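Visitor: I am new to this structure and would like to be walked through it step by step.
Guide: Let us look at it together, and then take your questions in turn.

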Amino acid sequence: MRVGIIGCGNISETYFDCQNIYNNFNVIACADIDTDAAKKSAEKFNVKAQSVEDLLSNSEIDLIINLTIPSAHKEVIINSLKAGKHCFSEKPLAMNFDEGKEIYELSKKQQLYVGCAPDTFLGAAGQKARQLLENNEIGEVVLGTFNIMSHGMEHWHPNPDFFFKPGAGPVFDLGVYYLTQLVNLLGPIKTISSISGTATPERIITSQPRSGEKIKVETPTTLMGTLEFQNNAKIQFFCSWDVWKHKHSTIELYGLDGSMIIPDPNFFSGDILVSKKEEDWQKVNNDKMLLGVPNKADNDGTIIANYRGIGLADMIDAIKNKRQARCSLDLAIHVLEIMEGILTSSKNRQMYNLTTQPIQPKFLSEEEIKYLKS
Ligand SMILES: NC(=O)c1ccc[n+]([C@@H]2O[C@H](COP(=O)([O-])OP(=O)(O)OC[C@H]3O[C@@H](n4cnc5c(N)ncnc54)[C@H](O)[C@@H]3O)[C@@H](O)[C@H]2O)c1
(Lines give C-alpha, C1' and ligand atoms only; values in the text may rest on other atoms or scores of the structure.)
Protein backbone atom coordinates (compact mmCIF):
# COMPACT_ATOMS: atom_id res chain seq x y z
CA MET A 1 0.00 0.00 0.00
CA ARG A 2 1.24 3.51 -0.80
CA VAL A 3 1.13 5.77 2.21
CA GLY A 4 1.71 9.43 3.03
CA ILE A 5 2.90 10.86 6.35
CA ILE A 6 1.36 14.01 7.85
CA GLY A 7 3.48 15.42 10.71
CA CYS A 8 7.26 15.31 10.26
CA GLY A 9 8.39 15.82 13.89
CA ASN A 10 10.26 13.78 16.47
CA ILE A 11 8.55 10.39 15.96
CA SER A 12 8.34 10.55 12.15
CA GLU A 13 11.79 9.02 11.55
CA THR A 14 10.60 5.82 13.29
CA TYR A 15 7.72 5.55 10.80
CA PHE A 16 9.87 6.35 7.75
CA ASP A 17 12.25 3.61 8.96
CA CYS A 18 9.61 0.97 9.67
CA GLN A 19 8.70 0.57 6.00
CA ASN A 20 11.97 -1.39 5.87
CA ILE A 21 10.87 -3.74 8.69
CA TYR A 22 7.48 -4.64 7.17
CA ASN A 23 6.69 -5.69 3.63
CA ASN A 24 3.25 -4.28 2.85
CA PHE A 25 3.65 -0.49 2.64
CA ASN A 26 5.84 2.24 1.17
CA VAL A 27 5.91 5.89 2.21
CA ILE A 28 5.79 7.96 -0.97
CA ALA A 29 5.14 11.52 0.32
CA CYS A 30 5.09 13.63 3.46
CA ALA A 31 3.56 16.90 4.65
CA ASP A 32 3.65 19.19 7.67
CA ILE A 33 2.20 22.63 8.44
CA ASP A 34 5.85 23.50 8.94
CA THR A 35 6.93 23.19 5.29
CA ASP A 36 10.63 23.14 6.23
CA ALA A 37 10.05 20.07 8.43
CA ALA A 38 8.33 18.31 5.50
CA LYS A 39 11.13 19.28 3.09
CA LYS A 40 13.83 18.05 5.48
CA SER A 41 12.13 14.65 5.93
CA ALA A 42 11.43 14.38 2.20
CA GLU A 43 15.11 14.91 1.41
CA LYS A 44 16.31 12.52 4.09
CA PHE A 45 13.95 9.70 3.14
CA ASN A 46 13.77 10.34 -0.58
CA VAL A 47 10.02 10.99 -0.83
CA LYS A 48 7.96 13.87 -2.19
CA ALA A 49 7.23 16.87 0.10
CA GLN A 50 3.69 18.17 -0.39
CA SER A 51 1.34 20.59 1.30
CA VAL A 52 -1.16 18.90 3.64
CA GLU A 53 -4.00 19.60 1.15
CA ASP A 54 -2.03 18.24 -1.83
CA LEU A 55 -1.05 15.11 0.05
CA LEU A 56 -4.68 14.50 1.05
CA SER A 57 -5.77 14.78 -2.59
CA ASN A 58 -2.86 12.74 -3.95
CA SER A 59 -4.62 9.89 -5.77
CA GLU A 60 -1.54 7.64 -5.50
CA ILE A 61 -1.93 7.52 -1.71
CA ASP A 62 -4.29 4.99 -0.10
CA LEU A 63 -3.49 5.57 3.57
CA ILE A 64 -2.36 8.46 5.76
CA ILE A 65 -0.07 8.06 8.77
CA ASN A 66 -0.99 10.83 11.20
CA LEU A 67 2.01 11.92 13.28
CA THR A 68 0.80 15.38 14.24
CA ILE A 69 0.36 16.64 17.80
CA PRO A 70 -2.68 15.33 19.75
CA SER A 71 -4.80 18.49 19.22
CA ALA A 72 -4.57 17.98 15.42
CA HIS A 73 -5.25 14.21 15.41
CA LYS A 74 -9.01 14.39 14.90
CA GLU A 75 -8.84 16.97 12.11
CA VAL A 76 -6.20 14.99 10.20
CA ILE A 77 -8.07 11.67 10.63
CA ILE A 78 -11.40 13.22 9.55
CA ASN A 79 -9.77 14.92 6.54
CA SER A 80 -8.10 11.64 5.54
CA LEU A 81 -11.46 9.83 5.65
CA LYS A 82 -13.15 12.63 3.71
CA ALA A 83 -10.40 12.29 1.10
CA GLY A 84 -11.28 8.57 0.80
CA LYS A 85 -8.12 7.33 2.55
CA HIS A 86 -7.57 4.96 5.47
CA CYS A 87 -5.70 6.48 8.41
CA PHE A 88 -3.32 5.15 11.04
CA SER A 89 -2.75 7.68 13.79
CA GLU A 90 -0.26 8.14 16.56
CA LYS A 91 -1.87 8.12 19.99
CA PRO A 92 -4.10 9.38 21.45
CA LEU A 93 -6.85 8.84 18.86
CA ALA A 94 -8.30 12.28 19.68
CA MET A 95 -8.50 14.85 22.46
CA ASN A 96 -11.74 13.49 23.94
CA PHE A 97 -14.38 10.79 23.58
CA ASP A 98 -16.79 13.02 21.57
CA GLU A 99 -14.10 13.57 18.93
CA GLY A 100 -13.49 9.81 18.94
CA LYS A 101 -17.19 9.15 18.28
CA GLU A 102 -17.15 11.57 15.34
CA ILE A 103 -14.19 9.67 13.85
CA TYR A 104 -15.96 6.36 14.50
CA GLU A 105 -19.13 7.42 12.67
CA LEU A 106 -17.30 8.76 9.64
CA SER A 107 -15.05 5.71 9.42
CA LYS A 108 -18.12 3.42 9.37
CA LYS A 109 -19.92 5.66 6.86
CA GLN A 110 -16.93 5.80 4.51
CA GLN A 111 -16.11 2.12 5.10
CA LEU A 112 -12.50 3.06 5.67
CA TYR A 113 -10.17 1.80 8.38
CA VAL A 114 -8.81 3.95 11.19
CA GLY A 115 -6.12 2.43 13.37
CA CYS A 116 -4.25 3.93 16.27
CA ALA A 117 -1.02 3.52 18.22
CA PRO A 118 0.20 2.23 20.57
CA ASP A 119 1.15 -1.03 18.91
CA THR A 120 3.81 -1.94 21.47
CA PHE A 121 1.39 -4.45 23.08
CA LEU A 122 1.91 -6.53 19.92
CA GLY A 123 5.59 -6.82 20.83
CA ALA A 124 7.34 -9.84 22.32
CA ALA A 125 6.65 -8.97 25.97
CA GLY A 126 2.95 -8.18 25.46
CA GLN A 127 2.25 -11.29 23.42
CA LYS A 128 4.35 -13.58 25.67
CA ALA A 129 2.46 -12.26 28.73
CA ARG A 130 -0.82 -12.88 26.90
CA GLN A 131 0.26 -16.46 26.16
CA LEU A 132 1.29 -17.06 29.78
CA LEU A 133 -2.09 -15.81 31.03
CA GLU A 134 -3.97 -17.89 28.46
CA ASN A 135 -1.92 -20.93 29.57
CA ASN A 136 -3.19 -20.21 33.08
CA GLU A 137 0.33 -19.76 34.54
CA ILE A 138 -0.95 -17.60 37.42
CA GLY A 139 -4.61 -18.63 37.37
CA GLU A 140 -7.46 -16.17 36.96
CA VAL A 141 -6.21 -12.58 37.35
CA VAL A 142 -8.19 -10.89 40.10
CA LEU A 143 -6.04 -7.90 41.12
CA GLY A 144 -3.11 -5.80 39.96
CA THR A 145 -1.35 -2.45 39.86
CA PHE A 146 0.31 -0.20 37.31
CA ASN A 147 2.61 2.70 37.99
CA ILE A 148 3.96 5.42 35.73
CA MET A 149 5.96 7.96 37.71
CA SER A 150 8.61 10.41 36.60
CA HIS A 151 9.30 14.09 36.63
CA GLY A 152 7.81 14.85 33.24
CA MET A 153 8.99 15.38 29.70
CA GLU A 154 10.44 18.91 29.76
CA HIS A 155 14.00 17.63 30.23
CA TRP A 156 14.19 15.71 26.91
CA HIS A 157 11.59 16.74 24.31
CA PRO A 158 12.59 19.79 22.20
CA ASN A 159 8.97 21.12 22.20
CA PRO A 160 7.39 19.73 25.39
CA ASP A 161 4.42 22.17 25.56
CA PHE A 162 1.80 19.68 24.30
CA PHE A 163 2.52 17.23 27.12
CA PHE A 164 0.95 19.68 29.61
CA LYS A 165 -2.19 20.50 27.61
CA PRO A 166 -5.55 18.69 27.52
CA GLY A 167 -5.15 15.58 25.39
CA ALA A 168 -1.80 14.78 27.01
CA GLY A 169 -0.65 14.59 30.67
CA PRO A 170 0.57 11.28 32.13
CA VAL A 171 -2.61 9.32 31.32
CA PHE A 172 -3.16 10.40 27.69
CA ASP A 173 0.54 10.41 26.87
CA LEU A 174 1.92 7.34 28.70
CA GLY A 175 -1.08 5.73 30.40
CA VAL A 176 -2.32 4.91 26.91
CA TYR A 177 0.43 2.23 26.60
CA TYR A 178 -0.48 0.63 29.95
CA LEU A 179 -4.23 0.77 29.38
CA THR A 180 -3.91 -0.72 25.89
CA GLN A 181 -1.64 -3.46 27.26
CA LEU A 182 -4.11 -4.23 30.06
CA VAL A 183 -7.05 -4.47 27.62
CA ASN A 184 -4.85 -6.79 25.51
CA LEU A 185 -4.20 -8.94 28.58
CA LEU A 186 -7.48 -8.80 30.49
CA GLY A 187 -10.15 -7.53 28.08
CA PRO A 188 -12.31 -4.40 28.38
CA ILE A 189 -12.79 -2.18 31.44
CA LYS A 190 -16.22 -1.44 32.93
CA THR A 191 -15.76 1.17 35.71
CA ILE A 192 -13.21 3.75 36.84
CA SER A 193 -12.76 5.76 40.02
CA SER A 194 -9.95 8.26 40.32
CA ILE A 195 -8.58 11.44 41.90
CA SER A 196 -6.17 13.99 40.40
CA GLY A 197 -3.65 16.68 41.32
CA THR A 198 -1.22 19.18 39.82
CA ALA A 199 1.88 19.76 41.93
CA THR A 200 3.02 22.97 40.20
CA PRO A 201 1.09 25.31 37.85
CA GLU A 202 4.18 25.87 35.63
CA ARG A 203 7.04 23.72 34.36
CA ILE A 204 10.48 24.98 33.29
CA ILE A 205 11.97 23.50 30.11
CA THR A 206 15.49 22.13 30.66
CA SER A 207 15.94 20.53 27.20
CA GLN A 208 17.47 22.35 24.24
CA PRO A 209 16.81 24.56 22.33
CA ARG A 210 14.25 26.22 24.65
CA SER A 211 15.94 25.69 28.03
CA GLY A 212 14.63 28.14 30.64
CA GLU A 213 11.24 28.80 28.97
CA LYS A 214 8.15 28.24 31.12
CA ILE A 215 5.13 26.07 30.22
CA LYS A 216 1.69 26.62 31.76
CA VAL A 217 0.24 23.33 33.06
CA GLU A 218 -3.30 22.92 31.69
CA THR A 219 -4.07 19.29 32.57
CA PRO A 220 -3.53 17.33 35.84
CA THR A 221 -0.01 15.95 36.22
CA THR A 222 -1.04 13.22 38.71
CA LEU A 223 -3.95 10.77 38.46
CA MET A 224 -4.55 7.87 40.84
CA GLY A 225 -7.38 5.39 41.08
CA THR A 226 -8.87 1.99 40.33
CA LEU A 227 -10.02 0.24 37.18
CA GLU A 228 -12.55 -2.57 37.25
CA PHE A 229 -12.52 -4.90 34.24
CA GLN A 230 -15.48 -6.70 32.65
CA ASN A 231 -13.98 -9.93 34.03
CA ASN A 232 -14.09 -8.31 37.53
CA ALA A 233 -10.29 -7.93 37.87
CA LYS A 234 -9.41 -4.77 39.82
CA ILE A 235 -6.27 -2.77 38.97
CA GLN A 236 -4.96 0.15 41.02
CA PHE A 237 -3.02 2.82 39.11
CA PHE A 238 -0.74 5.79 39.83
CA CYS A 239 0.19 8.03 36.87
CA SER A 240 2.32 11.05 37.69
CA TRP A 241 4.84 13.53 36.35
CA ASP A 242 5.35 14.93 39.86
CA VAL A 243 7.65 12.17 41.22
CA TRP A 244 11.46 12.36 41.12
CA LYS A 245 12.20 8.78 42.14
CA HIS A 246 10.33 5.59 43.14
CA LYS A 247 10.74 1.82 43.36
CA HIS A 248 7.40 0.52 42.08
CA SER A 249 7.36 -1.82 39.10
CA THR A 250 5.41 -1.16 35.92
CA ILE A 251 2.49 -3.63 35.70
CA GLU A 252 1.88 -6.32 38.35
CA LEU A 253 -0.92 -8.86 37.99
CA TYR A 254 -2.09 -11.04 40.86
CA GLY A 255 -3.84 -14.28 39.95
CA LEU A 256 -5.50 -16.99 42.04
CA ASP A 257 -2.36 -19.17 41.64
CA GLY A 258 0.50 -16.67 41.37
CA SER A 259 1.78 -13.25 40.33
CA MET A 260 3.26 -11.74 37.17
CA ILE A 261 5.33 -8.58 36.57
CA ILE A 262 5.13 -7.19 33.05
CA PRO A 263 7.77 -4.79 31.70
CA ASP A 264 7.13 -1.20 30.56
CA PRO A 265 4.55 -1.45 27.74
CA ASN A 266 6.14 1.53 25.97
CA PHE A 267 8.73 -1.06 24.81
CA PHE A 268 8.49 -4.18 22.68
CA SER A 269 10.43 -6.54 24.94
CA GLY A 270 11.73 -6.97 28.48
CA ASP A 271 11.80 -9.81 30.99
CA ILE A 272 8.49 -10.95 32.44
CA LEU A 273 8.61 -12.29 36.02
CA VAL A 274 6.27 -15.10 37.03
CA SER A 275 5.87 -16.55 40.49
CA LYS A 276 3.65 -19.53 41.36
CA LYS A 277 2.01 -18.90 44.74
CA GLU A 278 4.89 -18.25 47.20
CA GLU A 279 7.69 -19.60 44.97
CA ASP A 280 10.60 -17.48 43.73
CA TRP A 281 10.26 -15.27 40.65
CA GLN A 282 11.11 -16.98 37.36
CA LYS A 283 12.34 -14.82 34.49
CA VAL A 284 10.57 -15.27 31.15
CA ASN A 285 12.87 -13.82 28.55
CA ASN A 286 11.38 -12.87 25.18
CA ASP A 287 14.19 -11.19 23.27
CA LYS A 288 14.53 -14.10 20.82
CA MET A 289 10.96 -13.64 19.61
CA LEU A 290 10.53 -11.87 16.26
CA LEU A 291 9.39 -8.56 17.81
CA GLY A 292 11.79 -8.87 20.76
CA VAL A 293 15.20 -9.07 19.05
CA PRO A 294 17.08 -5.79 19.72
CA ASN A 295 17.19 -3.87 16.41
CA LYS A 296 17.52 -0.12 17.03
CA ALA A 297 19.56 2.32 19.10
CA ASP A 298 17.60 4.10 21.84
CA ASN A 299 18.24 7.78 22.77
CA ASP A 300 21.20 6.71 24.96
CA GLY A 301 22.67 4.41 22.30
CA THR A 302 21.47 1.10 23.83
CA ILE A 303 20.20 -1.31 21.18
CA ILE A 304 16.61 -2.21 22.02
CA ALA A 305 13.65 -3.87 20.26
CA ASN A 306 11.65 -1.16 18.50
CA TYR A 307 9.19 -2.55 15.98
CA ARG A 308 6.76 0.40 15.85
CA GLY A 309 4.75 -0.02 12.68
CA ILE A 310 3.49 -3.57 13.41
CA GLY A 311 0.03 -2.12 14.14
CA LEU A 312 0.05 -0.38 10.76
CA ALA A 313 1.35 -3.48 8.91
CA ASP A 314 -1.33 -5.59 10.63
CA MET A 315 -4.03 -3.03 9.71
CA ILE A 316 -2.97 -3.06 6.05
CA ASP A 317 -3.19 -6.86 6.09
CA ALA A 318 -6.61 -6.56 7.79
CA ILE A 319 -7.82 -4.20 5.03
CA LYS A 320 -6.69 -6.72 2.41
CA ASN A 321 -8.35 -9.65 4.18
CA LYS A 322 -11.45 -7.73 5.37
CA ARG A 323 -10.86 -8.56 9.04
CA GLN A 324 -10.55 -6.45 12.18
CA ALA A 325 -7.12 -4.91 12.78
CA ARG A 326 -5.50 -5.52 16.16
CA CYS A 327 -4.90 -1.78 16.69
CA SER A 328 -8.55 -1.28 15.76
CA LEU A 329 -10.72 1.79 16.07
CA ASP A 330 -12.88 -0.19 18.55
CA LEU A 331 -9.85 -0.67 20.79
CA ALA A 332 -8.62 2.92 20.38
CA ILE A 333 -12.00 4.43 21.19
CA HIS A 334 -12.35 2.22 24.28
CA VAL A 335 -8.91 3.33 25.50
CA LEU A 336 -9.84 6.96 24.70
CA GLU A 337 -13.02 6.61 26.76
CA ILE A 338 -11.00 5.07 29.62
CA MET A 339 -8.53 7.99 29.57
CA GLU A 340 -11.30 10.57 29.51
CA GLY A 341 -13.17 8.54 32.15
CA ILE A 342 -10.13 8.75 34.47
CA LEU A 343 -10.15 12.57 34.18
CA THR A 344 -13.97 12.80 34.40
CA SER A 345 -14.15 10.58 37.48
CA SER A 346 -11.50 12.68 39.25
CA LYS A 347 -13.22 15.94 38.27
CA ASN A 348 -16.73 14.83 39.30
CA ARG A 349 -15.51 12.75 42.26
CA GLN A 350 -17.76 9.97 41.00
CA MET A 351 -17.35 6.53 39.51
CA TYR A 352 -17.31 6.53 35.67
CA ASN A 353 -19.12 3.70 33.85
CA LEU A 354 -17.75 2.89 30.40
CA THR A 355 -20.09 2.66 27.43
CA THR A 356 -17.67 1.07 24.92
CA GLN A 357 -16.73 -2.60 24.98
CA PRO A 358 -14.33 -3.83 22.29
CA ILE A 359 -13.41 -7.44 21.79
CA GLN A 360 -9.91 -8.28 23.05
CA PRO A 361 -7.40 -7.95 20.17
CA LYS A 362 -6.50 -11.34 18.70
CA PHE A 363 -3.21 -12.96 19.78
CA LEU A 364 -0.45 -12.25 17.21
CA SER A 365 1.54 -15.39 16.43
CA GLU A 366 5.16 -15.60 15.27
CA GLU A 367 3.89 -17.09 11.97
CA GLU A 368 1.70 -14.04 11.34
CA ILE A 369 4.60 -11.70 12.14
CA LYS A 370 6.91 -13.64 9.79
CA TYR A 371 4.37 -13.06 7.01
CA LEU A 372 4.37 -9.26 7.60
CA LYS A 373 8.14 -8.80 8.00
CA SER A 374 10.50 -7.91 5.16
N1 LIG B 1 8.24 11.58 20.31
C2 LIG B 1 8.03 10.34 20.66
O3 LIG B 1 8.93 9.62 21.15
C4 LIG B 1 6.66 9.75 20.51
C5 LIG B 1 6.53 8.42 20.79
C6 LIG B 1 5.32 7.85 20.59
C7 LIG B 1 4.26 8.60 20.19
N8 LIG B 1 4.36 9.90 19.93
C9 LIG B 1 3.15 10.64 19.49
O10 LIG B 1 3.36 11.08 18.15
C11 LIG B 1 2.74 12.36 17.95
C12 LIG B 1 3.78 13.33 17.47
O13 LIG B 1 4.79 13.43 18.45
P14 LIG B 1 6.18 14.12 18.12
O15 LIG B 1 7.02 13.89 19.31
O16 LIG B 1 6.67 13.69 16.78
O17 LIG B 1 5.71 15.66 18.07
P18 LIG B 1 6.47 16.88 17.34
O19 LIG B 1 5.93 18.11 17.97
O20 LIG B 1 7.93 16.64 17.35
O21 LIG B 1 5.96 16.77 15.81
C22 LIG B 1 4.65 17.00 15.40
C23 LIG B 1 4.67 17.59 13.99
O24 LIG B 1 3.31 17.74 13.53
C25 LIG B 1 3.21 18.99 12.85
N26 LIG B 1 1.81 19.42 12.89
C27 LIG B 1 1.10 19.89 13.93
N28 LIG B 1 -0.17 20.14 13.58
C29 LIG B 1 -0.29 19.81 12.28
C30 LIG B 1 -1.36 19.84 11.34
N31 LIG B 1 -2.58 20.25 11.68
N32 LIG B 1 -1.12 19.43 10.07
C33 LIG B 1 0.12 19.01 9.70
N34 LIG B 1 1.17 18.97 10.54
C35 LIG B 1 0.98 19.35 11.82
C36 LIG B 1 4.16 19.91 13.57
O37 LIG B 1 4.55 21.02 12.77
C38 LIG B 1 5.32 18.97 13.91
O39 LIG B 1 6.31 18.96 12.91
C40 LIG B 1 2.10 12.73 19.29
O41 LIG B 1 0.74 12.42 19.24
C42 LIG B 1 2.83 11.86 20.31
O43 LIG B 1 1.98 11.52 21.39
C44 LIG B 1 5.56 10.50 20.06
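**Helix pairs, domains and sheets**

Visitor: At what angle do H6 and H7 pack?
Guide: The model is a predicted one, and the values discussed here are computed from it. The axes of helices H6 and H7 lie 9 Å apart. H6 passes H7 in a right-handed crossing, and the two helices pack at an angle of about 30°.

Visitor: Are H6 and H7 roughly parallel or roughly antiparallel to each other?
Guide: Their packing angle is about 30°. Angles under 35 degrees count as roughly parallel. H6 and H7 are therefore described as roughly parallel.

Visitor: How many charged residues has the contact of H6 with H7?
Guide: From H6 come Gly126, Ala129, Arg130 and Leu133, which meet Gln181, Asn184 and Leu185 in H7. Sorted by class, this contact has three nonpolar and three polar residues, and the number of charged residues is one.

Visitor: At what angle do the axes of H7 and H9 cross?
Guide: Helix H7 covers residues 169–186, and its axis comes within 10 Å of the axis of H9. The crossing of these two helices is right-handed. H7 and H9 are therefore oblique to each other, and their axes cross at roughly 125°.

Visitor: How many residues of the contact of H7 with H9 are nonpolar?
Guide: On the H7 side the contact is made by Val171, Phe172, Gly175, Val176, Leu179, Thr180 and Val183, and on the H9 side by Leu331, His334, Val335, Ile338, Met339 and Ile342. Among the residues of this contact, three are polar and none is charged, while the nonpolar ones number ten.

Visitor: How far apart do the C-alpha centres of domain 1 and domain 2 lie?
Guide: The domain assignment of the protein chain gives domain 1 as 2–116, and domain 2 as 123–301 + 328–360. Across the contact between them, 17 residues of domain 1 meet 15 residues of domain 2. The C-alpha centres of the two domains lie apart by 25 Å.

Visitor: Which element supplies the largest share of the side of domain 1 that touches domain 2?
Guide: On that side, helix H4 (70–82), helix H5 (97–110) and strand S6 (114–116) each supply at least two residues. The residues there divide into ten nonpolar, six polar and one charged. The largest share is four residues, and it comes from H5.

Visitor: Which strands stand at the edges of the sheet of nine strands?
Guide: This open sheet has mixed pairing, and its order is S16-S15-S14-S13-S7-S12-S11-S8-S19. Each edge strand has a single partner strand, so one side of each is left without a neighbour in the sheet; the two strands are S16 (282–284) and S19 (352–353).

Visitor: In S2, which residue is the bridge partner of Ile5?
Guide: Strand S1 (residues 2–6) and strand S2 (residues 26–31) run parallel and are joined by five bridges. In S2, the partner of Ile5 is Cys30.

Visitor: Where is Pro209 found?
Guide: The peptide bond from Gln208 to Pro209 is cis, with omega near 10°. Another cis bond runs from Ala117 to Pro118, with omega near 5°, and Pro118 lies in the loop between S6 and helix H6 (124–134). As for Pro209, its place is the loop between strand S9 (202–204) and strand S10 (214–216).

Technical notes: Residues are numbered from 1 along each chain as its sequence is written. This is a predicted model: local features need pLDDT of at least 70, side-chain atom pairs count only at pLDDT 80 or more; totals for chains, interfaces and linings use all residues. Two strands pair if DSSP finds at least two bridges between them. Axes are lines fitted to C-alpha atoms, for helices over the stretch in contact, and angles run from 0 to 180 degrees between N-to-C directions. Angles under 35 degrees count as roughly parallel, over 145 as roughly antiparallel, 65 to 115 as roughly perpendicular and the rest as oblique. A crossing is left-handed if the near helix is turned anticlockwise from the far one by less than a right angle, and right-handed if clockwise. Two residues are in contact if their C-beta atoms, placed from the backbone, lie within 7 Å. Ala, Val, Leu, Ile, Met, Phe, Trp, Tyr, Cys and Pro count as nonpolar, Asp, Glu, Lys and Arg as charged, and the others, Gly among them, as polar. Domain bounds come from an automatic or database domain assignment.
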